[in-house]
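Dear colleague,

I am passing on the structure we spoke about, together with my notes on what turned up when I went through it. Please keep the sequence and the model open beside this message while you read.

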Amino acid sequence: MTQVTTIPAAKQSLITSMASQYGMEPKAFADTVKATCIPNTASNEEFAAFLMVAKEYGLNPITREIYAFPKKGGGVQPIVGVDGWFNLINSHPQCDGIDFEDEFDDKRNLIAVKCSIYRKDRNRPTVVTEYMDECKRPTEPWQKWPKRMLRHKAAIQCARYAFGFAGIIDPDEAERSPEVITHAVVMAPPPTMSTDHEAPTVPFDSTAFLTELEEALSVAGDIETLEDIWSSHDPLSVLEGDDHAQDVALKIKERCLAAIDTGAAA
């Protein structure tokens, strides 16, 4: 009797596997993620580690459900935006619902938000309460939308307890952490002349940067996503010294915020 030998299929590389998932060529996928989601200083090993985290949690770096900032002393910290966290919650096979309960003081000021996440394999929900006086910060999102921000904090922390998510943090935690360098610009560097002799760097094109910024902000479906994109591009730092370009960037942000508000009102 002739024995038939089965040859196992070749295992796809991490980049090829993820690129295929999003309908992209491997090189285009890698170049896009490197240009928009991780620091320019990240090593190949750090890039691979970032992709492994994204794949493990089923998060799309192209839509910035997950991105990364550099850490002091080396390495990168994966950061998951609000859309990414709710993707993690809603896509978990054991998720059976999520509830919120607001707590107010005598003057009807919100003082806490309680989040309850239900699992199909447990009889009792996981419950977490986050308090405004512990979480609120003097940043634009917290000053403008404190209720929304506190609800997000409660949901994210409850998700950690309910599902055991590890190795990822939210943008607000990144800003609080002394180990994460949140002011780093996560975008492609200006192109340079490539010759055998040292050549000067091509001047930074602020017009192209502003065009890219507007395109990125215009696809944001909510204010929190817009703020994440704004922070990752860090236009006020990138355009430091060019007052006109900074004003243009702020006006772009205002237009995109107005578009979101108009869409919500409709």
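One aromatic cluster is formed by Tyr 57, Trp 85, Phe 163 and Phe 165, where rings of Phe, Tyr and Trp (its six-membered ring) are taken to pair if their centres lie within 6.5 Å. Please bear in mind that this is a predicted model, in which local features need pLDDT of at least 70 and side-chain atom pairs count only at pLDDT 80 or more, while totals for chains, interfaces and linings use all residues. Residues are numbered from 1 along each chain as its sequence is written, and side-chain values use heavy atoms, with hydrogens and water left out.

The structure holds five aromatic pairs. One of them joins Tyr 57 and Phe 165, whose ring centres are 5.7 Å apart with 85° between the planes, which makes the pair edge-to-face (planes over 60 degrees apart; under 30 counts as stacked, and the rest as tilted). Tyr 57 belongs to helix α3 (residues 44-57), whereas Phe 165 sits in the loop between α7 (146-163) and α8 (171-176), so this pair ties together parts that are 108 residues apart in sequence. The helices and strands named here are DSSP runs numbered from the N terminus (helices H or I, at least four residues; strands E, at least two). Tyr 57 and Phe 165 are both buried, a word that stands for under 20% relative accessible area, with exposed meaning over 50% and partly exposed lying in between (1.4 Å probe, protein chains only). Another of the pairs, between Tyr 67 and Phe 69, is also edge-to-face, at 5.8 Å centre to centre and 85° between the planes. In this pair Tyr 67 is buried, with a relative accessible area of 2%, and Phe 69 is buried as well, at 4%.

Two rings also have a charged side chain over them, by the rule that NZ of Lys or CZ of Arg is within 6 Å of the ring centre and within 35 degrees of the ring normal. The charged end of Lys 34 sits over the ring of Phe 47, 4.9 Å from its centre, and Arg 108 lies over the face of Phe 104, at 4.1 Å from the ring centre. Arg 108 is placed in the loop between β3 (95-104) and β4 (110-119), and its relative accessibility of 59% makes it count as exposed. Most residues other than glycine have a negative phi. Arg 64 likewise has a positive phi, near 60°, but Arg 64 is found in the loop between α3 and β1 and is buried, with a relative accessible area of 14%.

Glu 65 is in that loop between α3 and β1 (66-70) too, and counts as buried at 16% relative accessibility. Its C-alpha is 8.4 Å from that of Ile 79, although the two residues are 14 apart in sequence.

How many disulfides does the model contain? With a disulfide taken as a pair of cysteine sulfur atoms within 2.5 Å, the count comes to zero. For Cys 95, the nearest cysteine sulfur is that of Cys 115, 9.7 Å away, and Cys 95 counts as buried at 14% relative accessibility. Cys 115, for its part, has its closest cysteine sulfur in Cys 158, at 4.0 Å, which is too far for a bond; Cys 115 counts as buried at 0% relative accessibility.

Turning to helix packing, helix α4 (residues 82-91) and α7 pack at an angle of about 40°, with their axes 10 Å apart (axes are lines fitted to C-alpha atoms, for helices over the stretch in contact, and angles run from 0 to 180 degrees between N-to-C directions). The helices α4 and α7 are therefore oblique to each other, the term for angles that are not under 35 degrees (roughly parallel), over 145 (roughly antiparallel) or 65 to 115 (roughly perpendicular). The axes of helix α9 (residues 206-218) and helix α10 (residues 223-233) come within 9 Å and cross at roughly 160°, and these two are therefore roughly antiparallel. In the loop between α9 and α10 lies Val 219, which is exposed, with a relative accessible area of 63%.
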